[in-house]
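Colleague: I would like to learn how to read the sheet, the helix packing and the backbone angles here. Please give the general idea each time, then the case at hand.

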Amino acid sequence: MISFTGSTRAGAEISRRAASTVKRVTTELGGKSANILLDDPKFGEGVELCTTLLMVNSGQSCAAPTRLLVPQSRMEEAEKIAASVAGSAVIGHPNEENVTLGPLANKNQFNKVQKMIQTGISEGAVLICGGIGRPKELAKGYFVKPTIFSDVKNSMEIARQEIFGPVLCIIPYNDEEDAIRIANDSDYGLSGYVYANDHSQAIAIARRLRTGS
């Protein structure tokens, strides 16, 4: 038996190679998880938590809520909260005291994330904070600015592909049905989230996601 956690590309290749010897394969692969925030008293708390979770392990988490779905009427509020959380990140060597955001794993991943940030800009997503290049206080190392995109369309590449870095896509929705449709419109199905004041309402929505919690 083979157990593998990593990229979808690597998981597919392992499965192909294992097939000839009929090995059992268990994989946990990439994700582009949606987090649906409802228009209720916990909205601000949800934006803050989602942005904080995005930066855990420098965004290198397959289950990170990288697509933040918010009501169209509360986009501006979400942008301000997310930018504030991202701006409070302390970037540096992970062994240093108070550092909350370390570097990416290697040069290839750094270059990929930089390319995806540029793609988001080219696609017309609104760059709220962060962007291309290292943080100004760090001249070397694979450090990425925590980056927030808003007014992201779910058809954009930054909303379709796993970036695996501290990059958040804020996507507006019109109503709950629209939010569920957007959340389920993904090639990935690893995780899904609903953040709401009403637990029963959150559970009802989560049950309609391809995968949810």
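Modeller: Strands of a sheet pair through backbone hydrogen bonds, either parallel or antiparallel. Here 6 strands form an open sheet of mixed pairing, in the order S5-S6-S7-S4-S3-S8. Two strands pair if DSSP finds at least two bridges between them; helices (H or I, at least four residues) and strands (E, at least two) are DSSP runs numbered from the N terminus. The edges are strand S5 (126-129) and strand S8 (192-195), each pairing on one side only. From one strand to the next the twist averages 25°, with axes as lines fitted to C-alpha atoms, for helices over the stretch in contact, and angles running from 0 to 180 degrees between N-to-C directions.

This is a predicted model, in which local features need pLDDT of at least 70 and side-chain atom pairs count only at pLDDT 80 or more, while totals for chains, interfaces and linings use all residues. Residues are numbered from 1 along each chain as its sequence is written, and side-chain values use heavy atoms, with hydrogens and water left out.

Colleague: How many bridges join strand S3 to S8?

Modeller: S3 (residues 34-37) runs parallel to S8, and 4 bridges join them. Within this pair, Ile-36 stands opposite Val-194.

Colleague: Which strands does helix H4 touch?

Modeller: Contact means heavy atoms within 4.5 Å. H4 (residues 107-123) packs on the sheet against S5, strand S6 (147-150) and strand S7 (167-173), its direction making about 25° with that of S6. Helix H6 (residues 176-184) also packs on the sheet; H6 touches S3, strand S4 (67-71) and S7, and makes about 140° with the direction of S7.

Colleague: How do helix H2 and helix H3 cross?

Modeller: The axes of H2 (residues 43-54) and H3 (residues 75-87) come within 9 Å and cross at roughly 40°. H2 is therefore oblique to H3, since angles under 35 degrees count as roughly parallel, over 145 as roughly antiparallel, 65 to 115 as roughly perpendicular and the rest as oblique. Residues of H2 including Phe-43 and Val-47 meet a set in H3 that includes Ile-81 and Val-85.

Colleague: What should I look for in phi?

Modeller: Most residues other than glycine have a negative phi, and most peptide bonds are trans. Asn-57, in the loop between H2 and S4, has a positive phi near 55°. Asn-98 lies in the loop between H3 and H4, and its phi is also positive, at about 75°.

Colleague: Which strand does S1 pair with?

Modeller: Strand S1 (residues 2-5) runs parallel to strand S2 (residues 25-28), joined by 4 bridges. Phe-4 has Thr-27 in S2 as its bridge partner.
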